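These are my notebook entries from an afternoon of looking things up in a structure. I went topic by topic and wrote down what I found.

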Amino acid sequence: MYRYDEFDAAFVRSRVAQFRDQVERRVKGELTEEKFRPLRLMNGLYLQLHAYMLRVAVPYGTMNSRQLRQLAFIADKYDKGYGHFTTRQNIQFNWPKLSDVPDILDHLADVEMHAIQTSGNCIRNVTADHWAGVVDGEVEDPRPVSELLRQWSSAHPEFTFLPRKFKIAVAGAEKDRAAIAFHDIGIKIRRNEQGDPGYEILVGGGMGRTPIVGVTVREWLPKGEILGYIEAIMRVYNLHGRRDNKYKARIKILVLELGKEEFTRQVEEEYARMGETSVQVDPAEIERIENYFVPPHYEQLNDADPVLAAAENDNAGFAPWVAQNVAKHREPGYGIVNVSLKPTGGIPGDATSDQMRVVADLAENFSFDELRVTHEQNLVLPHVKKSDLFEVWKSLVAAGLATANLGLVSDIICCPGLDYCSLATARSIPVAQDISNHFSELERQHEIGELKIKISGCINACGHHHAGHIGILGLEKRGEEFYQVTLGGSGDENAQVGEIIGPGFSRTEVIGAVDTIVDTYVSLRNENETFLEAYRRVGPKPFKEAVYATH
Amino acid sequence: MPKPKNFLQLVTANRLNDGLVVFLNESGDWTESIDRAKLVKSKEDAESLLKERSSTGDDAIIEPYLIDVEIVEGTIAPVRYREKLRGLGPTVRTDLGRQSEVARSGLELANV
Ligand code: SF4
């Protein structure tokens with residue numbers, strides 16, 4: 001894992017001290033809210049519906065046990081004993097007091113964490129594949145370049161006041177688990193014809209009110225050129241981005257308005273113009289960063305483990321969990337454990353402080369002290385020996401963290417919605433809970449197979465509904481909550497924006513609509529055909545007919 | 001958004017230190033209880049009340065604004081469900097927020 005150098009540590013501490021002073025001046029009345037608001041936002045402190053919310057960055061979703069324990073401590077001491085893991089691999093606390101925030105930030109700094117650039121029109125926390133470095137078929141671990149981008153973009157003066165917020169995601173394999181095509185910049189590590197690793201650069205993806213799949217502006221970029229090239233993109237954006245209109249200010253609108261060819265031409269022209277003045281990454285610096293991400297010292301093991309096989313035979317709930325939540329690791333004898341934060345009827349992405357401590361202990365004892373946060377709002381123990389899986393599972397069961405539903409209908413991505421968020425137009429969590437309760441039988445979920453439901457409480461689409469196989473968007477219509485359903489969205493390497501199937505549904509109707517959609521899929525699918533494959537084969541018609549015949 | 005039958009508004013805000021939802025009362029202080037909020041019956045009164053509060057640069061609260069309310073069975077209830085929720089706390093965590101305090105004190109909650 002990356003460790004702060006002296007500069008990082010001093011920078012974060014100085015920001016905490018600065019913010020402490022700003023909070024004091026605000027409380028004394030020396031700073032008006034108008035002046036203070038941008039300062040608190042720069043430190044990740046929002047005002048939500050019922051209280052403040054502090055968003056803490058988890059760079060590319062990677063943490064160690066000490067950090068997670070510190071988050072648990074903060075949840076207990078300064079919040080209400082829980083935290084919410086988000087689609088940007090971050091964690092949010094929903095009830096901090098303003099006057100406590102400087103202390104919280106100091107506690108975060110103690111474990112090399114902060115809340116800087118988790119808000120505002122800057123380059124936000126860089127996200128990456130949550131199975132980075134451990135999944136089979138990866139070209140390269142996406143985290144070193146994510147870390148490089150994190151360092152480069154932190155407090156970068158040229159990119160502190162962009163036209164809008166800016167999100168970068170990195171995938172290291174053909175299979176995209178970071179939804180890169182829905183980011184302002186998506187980076188895919190791939191090889192060129194000579195077999196050298198480099199970067200494919202996508203630009204202009206995004207969700208929100210104008211969902212767009214990003215376009216490739218460079219098929220392959222040499223690794224050492226990444227910062228210079230990204231800087232060229234940022235400059236074109238900084239120059240032409242629509243600062244006059246908030247709804248048109250994201251880079252996706254610029255790419256759309258200019259067209260892919262013209263936008264690419266301008267970037268290449270800027271990049272050529274920058275020439276030798278562009279930031280070249282010192283290979284020694286890359287090597288330094290890469291050294292933090294070298295694989296741990298795995299044991300030489302056989303892939304088939306007799307302890308695991310025996311435990312699977314003897315424990316009814318264990319085998320389905322292994323089958324669904326443990327992914328193949330690149331090292332024989334190891335597995336990638338996915339800890340579901342989606343218990344039946346639970347709040348997607350929420351974890352209590354006790355649960356955090358359980359996962360931290362497991363990471364320390366069984367996963368080389370490492371864990372990940374996924375953009376699907378789950379946690380990952382990335383390197384667990386197969387012979388330890390049973391022990392890990394027992395601890396997770398005891399903590400209510402062993403629901404065997406990864407990628408299934410109840411593994412729902414869901415934003416906080418109107419239960420917390422001041423921008424929301426409707427609640428989203430109760431809809432997720434209804435669906436989860438409705439499909440509570442795990443056997444049924446396994447029969448249905450992979451199905452990604454994603455729910456947002458407003459058009460901002462933090463719940464990624466546009467990329468949901470079934471997407472649900474909460475709106476307000478004549479003073480009532482009202483839900484629009486989309487089908488066929490996907491956030492993977494074949495990214496697609498879901499299509500609205502027709503008129504929306506009331507809060508009580510939406511669960512029936514989802515049920516009908518699922519039944520329709522089950523009745524028309526071919527053997528082994530997933531929901532998305534079936535939808536792509538038959539289109540929306542049979543689903544529309546079924547849903548609107550019964551509503 | 002439903003239009004209320006009769007004009008009735010109050011000023012709400014969030015408290016500076018903890019961000020909790022508060023309402024402006026008759027004596028010009030901020031209270032957590034909507035039942036003690038000062039009601040205004042005309043648009044002009046509402047706007048001048050808000051302006052007055054905003055221009056004092058009141059440092060105990062942030063982001064004051066007006067909401068529509070109505071009297072339901074003798075109690076003040078916000079018209080929009082956003083405001084109803086805001087006044088109570090998360091519906092998915094009834095153990096948190098104003099609703100939990102009210103429940104502990106044995107008072108009734110408006111239905112959401
Ligand atoms: S999608 Fe809307 S409601 Fe949900 S978290 Fe984002 S801004 Fe809030």
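**Ground rules.** I noted that this is a predicted model, in which local features need pLDDT of at least 70 and side-chain atom pairs count only at pLDDT 80 or more, while totals for chains, interfaces and linings use all residues. Residues are numbered from 1 along each chain as its sequence is written, chains are lettered from A and ligands numbered from 1 in the order in which they are written, and side-chain values use heavy atoms, with hydrogens and water left out.

**Helix H1 of chain A.** I started with H1, residues 6-27 of chain A, and found that its 22 residues reach 32 Å from the first C-alpha to the last, close to the 32 Å expected at 1.5 Å a residue. Helices (H or I, at least four residues) and strands (E, at least two) are DSSP runs, numbered from the N terminus, and the expected span is 1.5 Å times one less than the number of residues.

Which residues of H1(A) are buried? I listed A:Asp8, A:Val12, A:Arg15, A:Val16, A:Phe19, A:Gln22, A:Val23 and A:Arg26. Seen down the axis of H1(A), these buried residues fall within an arc of 130 degrees, so they line one face of the helix; the arc is that of the directions from the helix axis to the C-beta atoms. For the terms I wrote that buried means under 20% relative accessible area, exposed over 50%, and partly exposed in between, with a 1.4 Å probe and protein chains only. The face of H1(A) turned away from the buried side carries the exposed residues A:Glu6 and A:Phe7.

I then looked up what covers the buried residues of H1(A), and the cover includes H2 (33-42), E1 (45-47), H4 (101-110) and H5 (143-153) of chain A, together with strand E4 (61-72) of chain B. After H1(A) comes A:Gly29, which has a positive phi near 90 degrees.

**Aromatic rings.** A pair of aromatic rings is described by the distance of the centres and the angle of the planes. My search of the whole structure gave 16 aromatic pairs over all chains. The rings of A:Phe7 and A:Phe11 have centres 6.1 Å apart and planes at 10 degrees, so this pair is stacked. Rings of Phe, Tyr and Trp (its six-membered ring) pair if their centres lie within 6.5 Å, and planes under 30 degrees apart count as stacked, over 60 as edge-to-face and the rest as tilted. Both A:Phe7 and A:Phe11 lie in H1 of chain A, four residues apart, about one turn of the helix.

A:Phe166 and A:Tyr237 make a tilted pair, with 5.5 Å from centre to centre and 45 degrees between the planes. This pair links distant parts of the chain, since A:Phe166 is in the loop between H5 and E7 (168-171) of chain A and A:Tyr237 is in H6 (residues 226-240) of chain A, 71 residues apart. I also noted that A:Phe166 and A:Tyr237 are buried. Elsewhere, ring pairs link A:Phe318, A:Trp321, A:Phe390 and A:Trp393 into a cluster.

**Chain B as a whole.** I recorded three helices and five strands in chain B, and from the N terminus on its elements run β-β-β-α-β-β-α-α. Chain B has 112 residues, of which 45% count as buried.

**Single residues.** A:Ala461 has a positive phi of about 65 degrees although it is not a glycine, and A:Ala461 is found in the loop between E17 (453-456) and E18 (470-477) of chain A. Is A:Ala461 buried or exposed? At 3% relative accessibility, A:Ala461 counts as buried. B:Glu73, which is not a glycine either, has a positive phi near 50 degrees, and B:Glu73 is exposed, with a relative accessible area of 80%.

My last entry is on A:His383, which I found in E15 (residues 379-385) of chain A. A:His383 is buried, with a relative accessible area of 3%.

Definitions and conventions. Contact means heavy atoms within 4.5 Å.
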